[in-house]
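Subject: Structure for you to look at

Hello,

I am passing on the structure we discussed. Please open it first and then read the notes below.

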Amino acid sequence: MTSDATPLLSVRGLEKRYGARIGCTDVSFDLWPGEVLAVVGESGSGKTTLLSCVSARLEPTAGTVSYRMRDGETRDLGRLTEAERRFLARTDWGFVHQNPADGLRMRVSAGANVGERLMAVGNRHYGRLREAGADWLGRVEIDAARIDDRPTEFSGGMRQRLQIARNLVTHPRLVFMDEPTGGLDVSVQARVLDLLRSLVADLGLAAIVVTHDLAVARLLSQRMIVMKAGEVVEAGLTDRVLDDPHHPYTQLLVASIPEA
Ligand SMILES: Nc1ncnc2c1ncn2[C@@H]1O[C@H](COP(=O)(O)OP(=O)(O)OP(=O)(O)O)[C@@H](O)[C@H]1O
Ligand SMILES: [Mg+2]
């Protein structure tokens, strides 16, 4: 075992500019193995920009992101080759998009959507791929009888649960989620959230969850950062930030949650 005294991910002084416009600036945080970090803030505050930079999908203008690889070596993501980055994205990382269609192959079966990620990491045995597909459909509460159906035939909530299965089947160490329940009806959000929470806990996953919904942050994360106009205005343990917000902007966000 590598030492848990080293963060899984370290972000230092991260900035992304789109021309003169600031996407995010001066962002620093550590993410520890098995920890869930929520990134909250209003629309346009830089949440997606930050997530894209941290997951090496977007090149930052300044700053560094280092990641502790499976072999224990910490690497600067900006210095990985394209092939290394793609390999990480296929194996060590998961990415749950707000819109399931962005994270699924809509024209192939549910079973193939799950099996494909396993094939990408070298599994070739048809029977075992199918078995893993069926197992994961069960874990995300999709009837195994639907294994040959395409996502186009699924409801929004089922699609999102399938996307989660497709991402988790390879046992990633880190999952990036951008508004994972944002596109769902309120009535199905709770079930997807509940499922996410138990899977993340069972698998000991680390995750970064972008959301504008403080209830999502409360349910899923141990720590959170609050962004405003591209900057982190507050960071801390989720319970502390939500129960005793220090920054006026966080106070405003917390005060505007409707009473349950
Ligand atoms: N591709 C782009 N080109 C230019 N500006 C961009 C681009 N993407 C984002 N921005 C700008 O960067 C800022 C942060 O945008 P970002 O999408 O990261 O916000 P967000 O917090 O994810 O918002 P939302 O909650 O609406 O998804 C905004 O001012 C936005 O206009
Ligand atoms: Mg966004």
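A helix here is a DSSP run of H or I at least four residues long, and helices are numbered from the N terminus. The model is predicted.

Helix 1

With that numbering, helix 1 covers residues 47-54. After helix 1 comes Ala56, which has a positive phi near 65°. Buried is taken as under 20% relative accessible area. The buried positions are Lys47, Thr49, Leu50, Leu51, Ser52, Cys53 and Val54.

Ligand 1

Which residues are around ligand 1? They are Tyr18, Arg21, Ile22, Gly23, Glu42, Ser43, Gly44, Ser45, Gly46, Lys47, Thr48 and Thr49. By class, this shell divides into 2 nonpolar, 7 polar and 3 charged residues. Helix 1 contributes at least two residues to the shell, and so does strand 2 (21-31). Lys47 and Thr49 are listed both in the shell and among the buried residues of helix 1.

- Ser43: a polar side-chain atom is 2.5 Å from an oxygen atom of ligand 1.
- Lys47: a polar side-chain atom is 2.7 Å from an oxygen atom of ligand 1.
- Gly46: a polar backbone atom is 3.0 Å from an oxygen atom of ligand 1.

On its own, ligand 1 has 630 Å² of accessible area, and the protein covers 60% of that.

Positive phi values

Ala56 is not a glycine, yet its phi is positive at about 65°. Ala56 sits in the loop between helix 1 and strand 4 (62-68). Is Ala56 buried, partly exposed or exposed? Its relative accessible area is 22%, so Ala56 counts as partly exposed, given that buried means under 20%.

His171 is the other case: a residue other than glycine with a positive phi, near 50°. The loop that holds His171 runs between helix 6 (156-168) and strand 7 (174-178). His171 has a relative accessibility of 42% and is therefore also partly exposed, as exposed would require over 50%.

Regards

Key:
Residues numbered from 1 in each chain as written. Chains lettered and ligands numbered in written order. Predicted model: local features only at pLDDT ≥ 70, side-chain atom pairs only at ≥ 80, totals over all residues. Heavy atoms only, no water. Buried < 20%, exposed > 50% of the residue type's maximum accessible area, 1.4 Å probe, protein only. Near = heavy atom within 4 Å. Polar contact = N/O pair within 3.5 Å; in protein donor to acceptor, adjacent residues only side chain to side chain. Areas by Shrake-Rupley, 256 points an atom, 1.4 Å probe, with all protein chains shown as cover. Nonpolar A, V, L, I, M, F, W, Y, C, P; charged D, E, K, R; others polar.
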